[in-house]
Amino acid sequence: MWIRLRQIAVTTADLAQTSADIQSVLGVEPCFTDPGVGIFGLKNVLWPVGTQFLECVTPIQDDTAAGRYQQRRGGDTGYMVITQVSDVAARRAHVDEMGIRIAFEMNFPDEGHVGMQLHPADTGGAFFEMDQMTGPTGDDVGGAWTPAGSYWEPYVCTDRVSNIAAAELQSPDPQRLAERWSQIAQIDLDTDADGHPTIQLDNATLRFVPEADGRGEGLGAIDVTTVDREAVLAVARTRDCYVNDSQVALAGLRVNLVDAG
């Protein structure tokens with residue numbers, strides 16, 4: 001069974017401002033606004049980053065899960081790690097055996113989409129979502145991805161960044177969190193050059209690091225493969241998103257600029 005990182009979701013208090021930052025700094029084009037997230041009291045925008053996606057949601061009514069999560073983490077923040085899998089039924093059987101609750105189940109056979117969001121209280125770290133595309137290109141790398149609509153490919157722009165290479169989850173006990181996610185993903189843990197536990201998905205890495213920013217456990221950073229670092233940094237400086245020559249800040253995430261390798 002394969003598992004790929006397909007989408008990262010963040011939640012923000014100001015969708016217009018955050019969208020402008022993301023688009024300006026990363027040079028990406030919005031491809032879809034999903035009316036379906038309205039059932040959660042949210043509005044969203046998605047941008048393709050190569051064949052993966054960055055999603056930003058914002059509450060449009062009181063007392064939403066995303067709004068409460070922002071309050072707990074002190075502002076805009078990483079929210080969901082969304083993966084694409086080859087056999088969601090087998091994944092569901094596995095998490096059921098682990099006693100992990102399903103926060104929301106996707107069952108859209110007419111759209112070729114089945115999936116599940118795992119309850120973050122049972123996974124730790126963030127929402128961990130697993131989706132399967134059941135249509136003709138569902139198994140293809142860069143194939144159909146209904147959360148981004150049916151016409152996202154023309155909006156792909158990789159002049160500045162080309163893919164999401166890693167998601168970084170922070171915790172007071174990163175080893176414990178990594179072991180939990182390793183069990184869920186059914187992938188053995190590895191260790192990176194800095195000694196952090198990692199999980200290697202088919203197209204990206206999940207990295208687990210100590211929480212050091214006072215915001216608690218959560219999705220704290222992503223790595224993006226950078227095509228034109230100088231262009232990213234130049235715009236980041238003008239929009240007050242610059243951190244250093246290897247990192248910018250967007251939507252409450254540390255966005256690490258990494259070279260293709």
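This is a predicted model: local features need pLDDT of at least 70, side-chain atom pairs count only at pLDDT 80 or more; totals for chains, interfaces and linings use all residues.
R101 is partly exposed, with a relative accessible area of 46%; here buried means under 20% relative accessible area, exposed over 50% and partly exposed in between, using a 1.4 Å probe and protein chains only. Residues are numbered from 1 along each chain as its sequence is written, and side-chain values use heavy atoms, with hydrogens and water left out.

R101 has a partner: its side chain meets that of D122 in a salt bridge, at 2.9 Å from N to O. The pair links distant parts of the chain, with D122 in helix α4 (residues 120–123) and R101 in the loop between α3 and β5 (102–108), 21 residues apart. Helices (H or I, at least four residues) and strands (E, at least two) are DSSP runs, numbered from the N terminus.

How many salt bridges does the count come to? The answer is 12, taking a salt bridge to be a side-chain nitrogen of Lys or Arg within 4 Å of a carboxyl oxygen of Asp or Glu. One of them joins the side chains of R239 and D21, at 2.7 Å from N to O. R239 lies in the loop between α6 (229–238) and β13 (242–244) and D21 in helix α1 (residues 15–26), so this bridge ties together parts that are 218 residues apart in sequence. D21 is buried, with a relative accessible area of 12%, whereas R239 is partly exposed at 29%.

Another bridge brings together the side chains of D213 and R254, at 3.1 Å from N to O. D213 belongs to the loop between β11 (205–210) and β12 (218–226) and R254 to strand β15 (residues 253–258), so the bridge ties together parts 41 residues apart in sequence. D213 is partly exposed at 35% relative accessibility, and R254 is partly exposed at 23%.

Now for a charged residue without a bridge. R91 is buried yet has no salt bridge, and the nearest side chain of opposite charge, D202, is 7.0 Å away. For these charges, Lys and Arg count as positive and Asp and Glu as negative, while His and the chain ends are not counted. R91 is found in helix α3 (residues 88–98). What does R91 touch, not counting residues up to four places away in sequence? The list runs M1, W2, I3, V85, M116, M130, I184, A185 and Q186, where contact means heavy atoms within 4.5 Å.

Zooming out to the whole protein, the secondary structure comes to 6 helices and 15 strands. The radius of gyration is 17 Å, close to the 18 Å that the globule rule gives for 261 residues, so the protein is as compact as a globular protein of that length; the radius is taken over C-alpha atoms, and the rule is 2.2 Å times the number of residues to the power 0.38. Along the principal axes, the C-alpha atoms fill a box of roughly 50 × 40 × 40 Å. Of the 261 residues, 51% count as buried. Among contacts with a separation of 6 or more, 65% come from residues 24 or more positions apart.

The accessible surface comes to about 11,200 Å², and 48% of that belongs to carbon and sulfur atoms; the areas come from the Shrake-Rupley method with a 1.4 Å probe, and for residues only the protein chains shown count as cover. As for charge, there are 18 positive and 38 negative side chains, and the centres of the two sets lie 4 Å apart. The place of a charge is taken as NZ of Lys, CZ of Arg, CG of Asp or CD of Glu.

A few residues deserve a quick look on their own. D63 has a positive phi of about 60° although it is not a glycine, and A251 likewise has a positive phi, of about 55°, without being a glycine. D63 lies in the loop between β3 (52–59) and α2 (65–73) and is exposed at 63% relative accessibility. A251 lies in the loop between β14 and β15 and is buried at 11%.

A249 is in strand β14 (residues 247–250) and is partly exposed, at 36% relative accessibility. Leaving out residues up to four places away in sequence, A249 touches C241 and V243.
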